[in-house]
Amino acid sequence: MLTLREFLDESKNMGELKAITQPVDWNEEMGALNYMVAQREDAPVLWFKNIKDAQYGSSAVMNMFGMGKERIAMSLGLPKGHTVGELVRFTKDNFGRKVPPRTVAAEKAPVNEVILEGSDIDITKFPAPKMWPRDGGRYLGTWDVLATRDLEDGHINLGTYRQMIHGPRELFCYWSPGKDARLQCERYWAQNKPFPVACVYGCDPLMLIVGCQTVAKTESEYDYIGGLVNEPVDTFRSDLTGLDLPASAEIILEGFMRPFNYGQEGPFGEFTGYYGRPEAQTPIIEIERVRFRKNPILTCALMADHPANELGLVYAIARSAKVWDDLEKLGVPGVKGVYCYPFAAGGFGITAVSIEQRYAGHASQVATLAAQCPAGAYFSKLIIVVDDDVDPTDIAQVMWAVSTRCSPEKDIDILRNTWSTWLDPTKNPPEERPWGSKAIVNACKEHKFIKQFSKRSRIRREVYNRLAARWKEFGLDGEPPKGLVFDEDENQPIAAPSKDGHGSVPAPQEQPGLAYM
């Protein structure tokens, strides 16, 4: 499992890291430069090494993943060259495996190289950026995990929540209704108990990928992180909060959220590309201990419109995999692929599911469950179900299916009063939040007439082979397209191009059924 420092080294080796050694201000300049650079989908990791007012030898990393598919593959322990669909399938196939964390001695944890307590703590010395001009302040927590423990069953929860600096030893923590840590906190406060928490920055990249997902509320993300790469996360037990903390993190802040200690937090430029709810009452973390490595590295995530949204592709892959995994656990057959588009509010807004229709009502069942399963319920606005001859990772194919297989008067349904967020700009006045709604779009061939449905226009295999053999003769660049389905294969699902593990592209006849995922 890669640590952050190993991830940065590998990104540099791939030519996908840019060290910014020139002076940069934390006040808007870090966020603005990230936004400008990330207008290109091949934007590199940005490592800011000379930030105004930063102390402890600290630096900050932004655009860790962005739209960098190979950096995500590297974090999953995979070589370069895989398609997005293959990364989704790999993540889905391994989400069900659980490997519990491994306990190490606290003195051997790299994050304990420096420990501060009491009046020695001043979190304003870390290079926390103010991302956007109308943000309410500096946000230390944007690419983080918050570690908490369930009061009833004792499992450790890891979740990603924004954290704005309130003072040298105080930090806000914003969380939407229904989020795991919020539910845990409410149970502590119901018994008038302080809620112990740990804010973790600069952790292993895979921890960030899993930490921003939703798993069962009775299970620990640590187990799923280890399962994805079949390697346990090293943790140590804190004698302050009693929490199990990641040993290889760069920075950890520990403290307590005391009952009903609130303050005014926000606004913040969010994953929607808009500022979130107006400034509002938000719980405060009272920090009692700070741990960090020498010359610590802060991880930061810019929330923005596409393609500069840090969540974009990494969230698209992880959420797609988890929705697919949820559908399989619910016993739904015939699911061939899932994709949550990175350009749709950072992977939150639109989900497409490809299925092999097997019975009446199958498409509607899949759409409704994908809209309401644990991984897919939060914020999603549009759920589209397509047949298995459509690659869900290809928005052009999906929109073609919507245009030619969806009859709006009978194939679109609305779910109301669903789980949303205070960050939804469409719900006004803000008091209407966090309830939302979802559109269910059936873009499959109508099942009752599936045998009579119009045939797709396709070329014949014999004609393809004849022309492919003359490709160079025609003076055409590259290779003939692979993965086509031919006229004689009309009843077979399409297989769009995908590379195998050796980097080669199989010929069409070598692709058994659905190879696009």
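Okay, one caveat before anything else: we're looking at a predicted model.

Let's begin with the core. In soluble globular proteins, nonpolar side chains tend to be buried together. Here the largest nonpolar core has 147 residues. If you want to find it on screen, look for Ile123, Leu140, Leu171 and Leu253, the residues with the most contacts inside it. And which helix gives the most to this core? That's H8, with 10 residues.

Now a residue I'd like you to click on: leucine 46. You'll find leucine 46 in strand S2, which covers residues 45-48. Buried or exposed? Leucine 46 has a relative accessible area of 2%, and the cut-off for buried is under 20%, so leucine 46 counts as buried. Leaving out residues up to four places away in sequence, leucine 46 touches a set of residues that includes Lys18, Leu33, Val37 and the run Ala60, Val61, Met62 and Asn63. Take methionine 62: in sequence, leucine 46 and methionine 62 are 16 residues apart, but C-alpha to C-alpha the two are 5.2 Å apart in space.

Lysine 49 lies over the face of tryptophan 47, at 4.0 Å from the ring centre. There's another case like this with an arginine: arginine 162 sits over the face of tyrosine 174, and there the distance to the ring centre is 4.2 Å.

On to rings with rings. A pair of aromatic rings is described by the distance of the centres and the angle of the planes. How many aromatic pairs does the structure hold? The count is 22. One of them is tyrosine 341 with phenylalanine 343, a stacked pair at 5.3 Å centre to centre with 20° between the planes.

Most residues other than glycine have a negative phi, and most peptide bonds are trans. Phenylalanine 379 goes against that, with a positive phi near 70°. Phenylalanine 379 is in the loop between helix H9 (362-372) and strand S20 (382-387), and it's buried at 6% relative accessibility. Asparagine 295 also has a positive phi, about 55°. That asparagine is in the loop between S16 and S17, but asparagine 295 is partly exposed, at 49%.

As for cis peptide bonds, one joins glycine 266 and proline 267, with omega about 0°; proline 267 is in the loop between strands S15 and S16. Another runs from histidine 306 to proline 307, omega near 5°, and proline 307 is in the loop between strand S17 and helix H8.

Last topic, cysteines. How many disulfides turn up in a search of the whole structure? The answer is 0. Cysteine 340 has its nearest cysteine sulfur, from cysteine 373, 8.7 Å away, and cysteine 340 is buried at 0% relative accessibility. For cysteine 444, the nearest cysteine sulfur is that of cysteine 406, 9.9 Å away; cysteine 444 is buried too, at 2%.

How values were computed
Residues numbered from 1 in each chain as written. Predicted model: local features only at pLDDT ≥ 70, side-chain atom pairs only at ≥ 80, totals over all residues. Heavy atoms only, no water. Helix = DSSP H or I, 4+ residues; strand = E, 2+ residues; numbered from the N terminus. Buried < 20%, exposed > 50% of the residue type's maximum accessible area, 1.4 Å probe, protein only. Contact = heavy atoms within 4.5 Å. Phe/Tyr/Trp six-rings, centres within 6.5 Å; stacked < 30°, edge-to-face > 60°. Lys NZ or Arg CZ within 6 Å of the ring centre and 35° of its normal. Core = buried A, V, L, I, M, F, W, Y, C linked by side-chain atoms within 4.5 Å. Disulfide = S-S within 2.5 Å.
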